[in-house]
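Subject: Structure for your review

Hello,

Here is the structure I said I would pass on. Please look through it first; my notes follow below.

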Amino acid sequence: MLNILNKVFDPNKREIKRLERIADQVEALADETAALSDEQLRAKTDEFKERYQNGETVDDLLVEAFAVAREGAKRALGLYPYRVQIMGGASLHDGNISEMKTGEGKTLTSTMPVYLNAITGKGVHVVTVNEYLAHRDATEMGVLYDFLGLTVGLNLNSHSKEEKQAAYNADITYSTNNELGFDYLRDNMVLYKEQMVQRPLHFAVIDEVDSILIDEARTPLIISGSAQKSAQLYIQANAFVKTLKKKRTTHMMKRQKVFS
């Protein structure tokens, strides 16, 4: 009796059951998806985009898209997501936190929800804690996304405005949390809309989410002018003040008294 009550009232167990059903549905499509040629598999991306434009939601497309991303990973990367990774990807798609230990395949797990949400054409951000990881994941996982017909952008601090605009306009954008924040601040300082680099936000997968949303979120991002330029203004002002003559000021005060 207690076990029955636990299954009914324990939300975690209900959620796991739901994720297991999704994994069952994805795995049921494995043979059918594996029978597709590379061209047919790639064409699935255009099919999903068209179906999304015609009114289907990403939730409607989840099972099929996950199956395509899974098969694509096997062909492009030589990696085939396990059942638990399918469940983790589905949880990420729902906006939840999927806790996985180092080496359990977090990067591969994220490819399925990233692919699914990139189908919308509204952009997906993959946020990492440093530029090394952003560059590594964009390069390695970019092979999969390119194989499936999606574009990948890498946003780095050293990039120009034009390079940043191209990165943000890609289907999938890899960046660090700090650079995303600074780009947001800079976009709110431009004079013309064309000078902005970011586009409206849609979906993001965050690596090391506890660090980014809790630890580093306590440190404000500040954009300030160059200290050297500020000091130069003080020097110029000081030099100007030294050119003022006290006698001329006294003479002007005397003239004011005469006319008053």
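Predicted model: local features only at pLDDT ≥ 70, side-chain atom pairs only at ≥ 80, totals over all residues.

Helix H5 and helix H8 cross in the right-handed sense. The axes of H5 and H8, the latter covering residues 131-147, come within 9 Å and cross at roughly 115°. On the H5 side the contact is made by Ala 69, Gly 72, Ala 73, Arg 75 and Ala 76, and on the H8 side by Val 143, Leu 144 and Phe 147. By class, these residues are 6 nonpolar, 1 polar and 1 charged.

H5 also packs against helix H6. H5 spans residues 58-76 and H6 spans residues 83-93; the angle between them is about 145°, and their axes are 12 Å apart. This crossing, of H5 with H6, is right-handed. From H5, the residues in contact are Val 58, Asp 59, Leu 62, Phe 66 and Arg 70, which meet Ile 86, Gly 89, Ala 90 and His 93 of H6. The contact of H5 with H6 comprises 5 nonpolar, 2 polar and 2 charged residues.

H6 in turn packs against helix H7 (residues 106-118), at an angle of about 45° and with the axes 8 Å apart. H6 is therefore oblique to H7. The crossing of H6 and H7 is right-handed. H6 contributes Gln 85, Ile 86, Gly 88, Gly 89, Leu 92 and His 93, while H7 contributes Leu 108, Thr 109, Ser 110, Met 112, Pro 113, Leu 116 and Asn 117. That contact has 6 nonpolar and 7 polar residues, and no charged ones.

Strand E1, residues 124-128, pairs with E4 in the parallel sense over 4 bridges. Within that pairing, Val 127 has Ile 206 of E4 as its bridge partner.

Two glutamates are worth a look in the viewer.

Glu 208 lies in the loop between E4 and helix H11 (209-215). Its backbone has a positive phi of about 50°, although Glu 208 is not a glycine. With a relative accessible area of 36%, Glu 208 is partly exposed.

Glu 179 belongs to helix H10, residues 177-187. Is Glu 179 buried or exposed? Its relative accessible area is 4%, and because buried means under 20%, Glu 179 counts as buried. Leaving aside residues up to four places away in sequence, Glu 179 touches Asn 155, Leu 156, Asn 157, Lys 164, Tyr 168 and Arg 186.

Regards

Notes
Residues numbered from 1 in each chain as written. Heavy atoms only, no water. Axes fitted to C-alpha atoms, helices over the stretch in contact; angles between N-to-C directions. Left-handed = near helix turned anticlockwise from the far one by under 90°. Contact = heavy atoms within 4.5 Å. Nonpolar A, V, L, I, M, F, W, Y, C, P; charged D, E, K, R; others polar. Parallel < 35°, antiparallel > 145°, perpendicular 65-115°, else oblique. Buried < 20%, exposed > 50% of the residue type's maximum accessible area, 1.4 Å probe, protein only. Pairing = 2+ DSSP bridges.
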